[in-house]
Amino acid sequence: MRTKQKDRDVPGPGDAWNEILPQLWMGGHYYNDGSEMQAAEIGDEFDLVVSLYVVPTLMPPPQVEHRILEIPDRPLNAPQIAQVRELAVFTANAVRAGRTTLVRCHAGYNRSGLVVAQAMVEMGHDVDSAIALIRQRRSPWALHNATFEEYLRTGLEVAELLSGLTEPA
């Protein structure tokens, strides 16, 4: 089963979400139950949900804090990269405070991978080990967006500056 994104030919994730580090989960709005794509419905298992893609019918319950930053799964502009950095810091602080946190996007591969990897860097992991752990615990397809991986390897601050140089004035 493939994800429903028209520009991707990758297997759909086998789980709605996976624990990458204690208290830090990564997932999507959809997953493959073995026969077809299913909606990933959230109950009260998380203290915080960070959504980088939104499906109005798949919102967390009202008692769960929900942060939304809709970004595309393609190159980001400088303000979007800055917002990703801020959200990664917020996510890292939530995890440090013991809050069970889910970062999710469409399939839980790229946008969520970018924020989770950067949150891990904020918590002291190096980029290579963060990416490797995400791919081990979520999916080998996680962070298959080469641009997002490049942002992480370059550093989001530098990527933001470089992205700003290429934008029209």
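Author: Let us begin with Arg135 and Glu149, whose side chains meet in a salt bridge, with 2.8 Å from N to O. The model is a predicted one, in which local features need pLDDT of at least 70 and side-chain atom pairs count only at pLDDT 80 or more, whereas totals for chains, interfaces and linings use all residues. Residues are numbered from 1 along each chain as its sequence is written, and side-chain values use heavy atoms, with hydrogens and water left out.

Reader: Why is the pairing of Arg135 and Glu149 called a salt bridge?

Author: The term requires a side-chain nitrogen of Lys or Arg within 4 Å of a carboxyl oxygen of Asp or Glu. Arg135 and Glu149 are separated by 2.8 Å, N to O, and the pair therefore meets the definition. It links distant parts of the chain, since Arg135 lies in helix α3 and Glu149 in helix α4, 14 residues apart; helices here are DSSP runs of H or I with at least four residues, strands are runs of E with at least two, and both are numbered from the N terminus.

Reader: What makes Arg153 and Asp128 a salt bridge?

Author: The closest N and O atoms of Arg153 and Asp128 are 2.0 Å apart, a value that falls within the limit already given, so the name applies. This pair also links distant parts of the chain, with Arg153 in helix α4 and Asp128 in helix α3, 25 residues apart. Both residues are called partly exposed, because Arg153 has a relative accessible area of 44% and Asp128 one of 46%.

Reader: How do you know which residues make the contact between α3 and α4?

Author: The axes of the two helices come within 9 Å and cross at roughly 145°, where axes are lines fitted to C-alpha atoms over the stretch in contact and angles run from 0 to 180 degrees between N-to-C directions. The contact, a term that means heavy atoms within 4.5 Å, is made by Val127, Asp128, Ile131 and Arg135 of α3 and by Glu149, Leu152 and Arg153 of α4. These residues divide into three nonpolar, no polar and four charged, on a scheme that counts Ala, Val, Leu, Ile, Met, Phe, Trp, Tyr, Cys and Pro as nonpolar, Asp, Glu, Lys and Arg as charged, and the others, Gly among them, as polar.

Reader: In the loop between α3 and α4, why is Ser139 called buried, and what is the label for Leu143?

Author: Ser139 lies in that loop and has 9% relative accessibility, so it counts as buried. Leaving aside neighbours within four places in sequence, Ser139 is in contact with Tyr109 and Ile134. Leu143 belongs to the loop between α3 and α4 as well, and with a relative accessible area of 1% it is also buried. Phi of Leu143 is near 60°, a positive value in a residue other than glycine.

Reader: Where else is phi positive in a residue other than glycine?

Author: Phi of Gln23 is near 80°. Gln23 sits in the loop between β1 (17-21) and β2 and, at 27% relative accessibility, counts as partly exposed. Met26, found in strand β2 (residues 24-28), is buried at 0%.

Reader: How many salt bridges are there, and which residue pairs with Glu160?

Author: The structure holds six salt bridges, one of which joins Glu160 to Arg85, with the closest N and O atoms 2.4 Å apart. Glu160 lies in helix α5 and Arg85 in helix α1 (residues 78-96), so the pair ties together parts that are 75 residues apart in sequence. Arg85 is partly exposed at 26%.

Reader: What makes Val158, Leu162 and Leu165 a patch?

Author: Patches are made of residues with over 30% relative accessible area and no salt bridge, like charges being joined within 9 Å and nonpolar side chains (Val, Leu, Ile, Met, Phe, Trp, Tyr) within 5 Å. Val158, Leu162 and Leu165 form a nonpolar one on the surface, with about 300 Å² of accessible area together, as computed by the Shrake-Rupley method with a 1.4 Å probe, for which only the protein chains shown count as cover. Leu165, in helix α5 (residues 156-166), has a relative accessible area of 69% and is therefore called exposed.

How values were computed. Buried means under 20% relative accessible area, exposed over 50%, partly exposed in between (1.4 Å probe, protein chains only).
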